[in-house]
Amino acid sequence: MHKNIIFVVLAFILANIGSLSAEADIDQVIEKIDQLYRSNTSRGEVEMEIITPHWQRTLRMDMWTYKMEKTFIRITSPAREEGFATLRIDDEMWNYLPQTDQVMKIPPSMMMGSWMGSDFTNDDIVRESSLFEDYDYQFTEVENPQPENLYIKLIPHEDAPVVWSEIIMAVGESDYLPVWEKFYGENHELARTMYFRDIETVGGKTIPTEMELIPENEEGQKTVVRYLHIEFNVDIDEDIFSLRNLQSQQ
Amino acid sequence: MLLFKIALRNVLRQKRRTILTMLTMGGGFVLCAASIGWADGAYGDIIYSFTSNQLGQIQIHSEDYLDNPTIYKTIVDYEKVGKQVDSVEGVKNWTPRIYVGALGMVNQEVSGVQVVGIDPLREDSTTNFNNMVTEGEPLPSLPGYDVLIGKGLAKVIKAELGDSLVLLSQGADGSIANAKYGIMGIVESGEMGGDRMNCYIDIRSAQQLFVLDNQCHEIVITVEDISSVNSVTSSLRSTVKSDKLDIQPWMVFAKSFYEAMRADMNGLWIQLGIIILLVAFGVLNTVLMSVLERQREFGLLKAIGTKPGMIIMQILLEMNLIAIFSVVSGSVVALGLLYWLSNYGISLSTPMTFGGVEIQQMKATINLRSFVIPLITVFATTTVVSIFPAVKAARTDPVKTMRTN
Amino acid sequence: MNQEFKDIIRTENLKKIYEDNGVPVEAVRGVDLKIKPGEFTALAGPSGSGKTTLMNLIAGLDKSSQGKVWLKGQEISKMSGSQLTDFRRDNIGFIFQAYNLIPVLTVKENIEYIMLLQGVDKQVRNERICKILNIIGLNEFENRIVTKLSGGQQQRVAIARAMVSQPAIILADEPTANLDSANSSNLLDMMHELNHETGMTFLFSTHDQLVMEKATRLIILKDGKIFDDKRK
Ligand SMILES: Nc1ncnc2c1ncn2[C@@H]1O[C@H](COP(=O)(O)OP(=O)(O)OP(=O)(O)O)[C@@H](O)[C@H]1O
Ligand SMILES: [Mg+2]
């Protein structure tokens, strides 16, 4: 009788320890990923390689960010696109079109449109969602799991400004760095997959420096983004993130 | 001849009944003829305005373009294809087009637009495009930075004549396509979806902007005679020999419109069916009456050696004689009615839209089938309905019917 | 088929039984009759004695329940429907009590009808019509629609129609029933004259004493049987 009670209590405690440790774990993972590219400011040089069945091109651009709120991108090559710039402040977005010397604000209806012909949408550039705040998350299982990865399922809160119905994320067990993310659309069909590679320590942070985005149902199409150079928490003139600067041809 | 004489005199003898029957048959004939002529006229008009307004009656695309249109699925060297099109009999005109989606901006107002690259001269001679330019001027014949925009689009982006329209899109090579155009005209095609999206620039400008040298997405063809669309399509297919190209008549590329049209036509056939049913009852009434009251006559005819077949023939002849009178007089009335309807038509107090085409006035057409279809149905109905009573008459037993008292 | 025959009409034990609401009615009850070519025979008897029935059986309009009929030596019950129709058309002229004529046709056309069915030449037709119209005395009414004639005139047209195709036998069921006595007598005289001239065989039923008197042979029917048969 006595023995039995002790056994039950022990089992109960053990079970709770297991789940408590798992919950602590996943919060840490999410926190880490949320902080990964987040910094007060950043300045970098990025290469975007766009591959489609019809053409293939590589864009180079300079990029500035300020907290999670502001982003400024200016294309430096190829020549035909040189000077094209994008400014985003919160969830608003403007493009500067050098050929016509015009600033065009992207209307909300066009947010899902492609940015510069890449597989990234305008929304991807604008989005400042926090996994921590916008999603419910839990560990999950996948087919053919790799032992070195953790798998997390993210389901957005109902009112979260998110277009995906679900995201499955693979994270390295040792470093909590993302390995891949699979994005599911409205009808829970796989819409696209992003792979993270080339983990390097740049500007004081250890991050994957290459991201490959592969859309589903678009054969032969993908976009690869590489950080050629990045610094975090540097001094940036806040004027960079202004329409005036957008329009000035640097 | 003798049969004919007897039949004719029988018909003339029962004047009242013949006239009543003629009213039913002739009335049915006129209703049928008017319905068909009316429907053909209205449908012809709708189809004509639907197809001549931008769509054309036949279109050529790169294979698979219609199912999944993208900037890359082009007709290469379209001028050459156009020459082949011109050589086909029945083709009236053709015009090439480029379609690319873009962002359009006027005075900071931005909207998604459909850029349509057109050949101003060809477009106008093929689809009377310039008539749809309700404000401002049509595109000049030489390419430049001019644009026409749909009326709905003008409203959406609050554009006025003389404003600049900035287009942002992507060329076929992936490069940024960005240019600024002066709005010189507003287009009202009557097709509201299109007017809310479309802006028209010279096809040569479009080719440059989108890096589509010598290419287009669509060739729109109009034909001399709208009823010959299918035959012209097949000769186009054999003339323009390219398995990379898809040549379709409007019934295919405007499938939902075509099906709506056909569904509407089915309504017409049901209407005709009801008319025929009424005619059939009228005929049945007449033939039964005339057979029943003439039993003695048929008994006599049989007694003195007339074969049953002749009696059947006689009754069918009688009813069809009435049918002939009805059709002849009905044709005169129907012709007059259709003539009036085709010249003056009926104005609709509230315009009807069908497949995006606005119809203000409905007019009938005078064509052969408006007369031939009712004619065949009147004779067929008459014969079918009369045959049973006629056979019954032919079976008359002279002994029973001739028995006096 | 043109075998020798002695009697142009011959019946043997001819019977006709009708069903009247399930009750059998024996209209003709075993008639043996022989009529020679050229005879001018009246068939008399009370109403319901079976005169009409007998004549219909002889004409092949009705089917006998028992017994046989020979016309011109041919047994008509052995003929097919279509053969019988043709046989009637070519060999029997009918005169009924009423409704003898096609109402929409003229006198001439009514008379012409059977000849048209037979395919007689137009010239022959016209000759015969002309001649018969003379006999019946209706030349001037040649092109009148028959419904516009008096009853007597109509019956005369019926005789002309029956005779113009020159059948061997004329069957007349109460041809004078709807006529007054003057007209009856007139019609009978005409028939008799034609019988004399052409040698056609006449068999007519009648109630009329006057008509019976003009016959050369008088057969009395009673309850479906021959009650009396006299030659004058
Ligand atoms: N179709 C029939 N069904 C039943 N009974 C019939 C039919 N036809 C005739 N009969 C009967 O057969 C009998 C003979 O009739 P039929 O008409 O031959 O007489 P009839 O001598 O011609 O008389 P009438 O002088 O009145 O013309 C009558 O009793 C009649 O009621
Ligand atoms: Mg009788």
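Author: Start with F210(B). Leaving aside residues up to four places away in sequence, F210(B) touches I71(B), I98(B), V100(B), V115(B), S169(B), Q170(B), G171(B), A172(B) and A177(B). Keep in mind that this is a predicted model.

Reader: What makes these count as contacts?

Author: Heavy atoms within 4.5 Å make a contact. F210(B) is also one of the residues with the most contacts inside the largest nonpolar core, along with I149(B) and L236(B). That core has 136 residues.

Reader: How do you know that this core lies between domain 1 and domain 2 of chain B?

Author: Look at who contributes. Domain 1 (2-50 + 258-404) and domain 2 (64-242) of chain B both give residues to the core, so it lies between them.

Reader: Why is the pair of F29(B) and F371(B) called tilted?

Author: Take the angle. Planes under 30 degrees apart count as stacked and those over 60 as edge-to-face. The planes of F29(B) and F371(B) are 50 degrees apart, so the pair is tilted. The centres are 6.5 Å apart, and the limit for a pair is within 6.5 Å.

Reader: Why is F29(B) called buried, and why F371(B)?

Author: Buried means under 20% relative accessible area. F29(B) has 0%, so it is buried. F371(B) has 14%, so it counts as buried as well.

Reader: What are the labels for W340(B) and Y344(B)?

Author: These two form a tilted pair, with 5.9 Å between centres and 40 degrees between planes. Exposed means over 50%, and partly exposed lies between that and the buried limit of 20%. W340(B) is at 45%, so it counts as partly exposed. Y344(B) is at 52%, so it counts as exposed.

Reader: How many aromatic pairs are there over all chains?

Author: The structure holds 13. Elsewhere in chain B, W250(B), F257(B) and Y258(B) form one aromatic cluster.

Reader: What makes K182(A) a charge over the ring of W180(A)?

Author: Distance is one test: NZ of Lys or CZ of Arg must be within 6 Å of the ring centre. The other is direction, within 35 degrees of the ring normal. The charged end of K182(A) sits 5.0 Å from the ring centre of W180(A). R122(B) lies over the face of W94(B), at 3.8 Å from the ring centre.

Reader: How do you know that the span of helix 12 of chain B agrees with its number of residues?

Author: Helix 12 (residues 308-343) has 36 residues. At 1.5 Å a residue it should span 52 Å, and its end C-alpha atoms are 51 Å apart, which agrees. After helix 12 comes G345(B), with a positive phi near 65 degrees.

Reader: What does the check give for helix 2 of chain B?

Author: Its 41 residues should span 60 Å. The end C-alpha atoms are 56 Å apart, which agrees. G56(B) follows helix 2, and its phi is positive, near 75 degrees.

Technical notes. Residues numbered from 1 in each chain as written. Chains lettered and ligands numbered in written order. Predicted model: local features only at pLDDT ≥ 70, side-chain atom pairs only at ≥ 80, totals over all residues. Heavy atoms only, no water. Phe/Tyr/Trp six-rings, centres within 6.5 Å; stacked < 30°, edge-to-face > 60°. Buried < 20%, exposed > 50% of the residue type's maximum accessible area, 1.4 Å probe, protein only. Core = buried A, V, L, I, M, F, W, Y, C linked by side-chain atoms within 4.5 Å. Domains from an automatic or database assignment. Helix = DSSP H or I, 4+ residues; strand = E, 2+ residues; numbered from the N terminus. Expected span 1.5 Å × (residues − 1).
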